[in-house]
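This briefing describes selected residues of one protein structure, grouped by topic. Please consult the sequence and the coordinates alongside the text.

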Amino acid sequence: MSAEESLARAEELLARLEKARAELEQLTEADDADRALDVLTELAELAKAIEEELQRAKREGEADAEP
C-alpha cells in the first residue's frame, strides 16, 4: 500500500469517526447509555485504525524518500 493510499484510508476512517462522534452527542442528549457505550467502543477502534494508517503512511513516505 502506498503512502497516498494509507492517507486516503485514514481520511475515510476520520470521516467515520466524526460521524460516530456526532451520533454519540445525540445519544448523550437522548440518555441512551447502552448505545453510547457501543459508540465509544467504535470511536476507540476507529482512532486506533487511524493511528495505524498514519504510521503506515509515514513508513511508506520515508521508504519512498530513501535514495
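**Selected residues of the predicted model**

Ser6 lies in helix α1.

**Ser6**
- Ser6 has a relative accessible area of 0%, and because buried means under 20%, Ser6 is classed as buried.
- Leaving aside residues up to four places away in sequence, Ser6 is in contact with Met1, Glu53, Arg56 and Ala57.

**Glu23**
- Glu23 also belongs to helix α1.
- The relative accessible area of Glu23 is 27%, so this residue is partly exposed.
- When residues up to four places away in sequence are not counted, Glu23 touches Arg35 and Val39.
- Glu23 and Arg35 are separated by twelve residues in sequence, and their C-alpha atoms lie 9.5 Å apart in space.

- With a relative accessible area of 73%, Asp31 counts as exposed, because exposed means over 50%.

How values were computed: Residues numbered from 1 in each chain as written. Predicted model: local features only at pLDDT ≥ 70, side-chain atom pairs only at ≥ 80, totals over all residues. Heavy atoms only, no water. Buried < 20%, exposed > 50% of the residue type's maximum accessible area, 1.4 Å probe, protein only. Helix = DSSP H or I, 4+ residues; strand = E, 2+ residues; numbered from the N terminus. Contact = heavy atoms within 4.5 Å.
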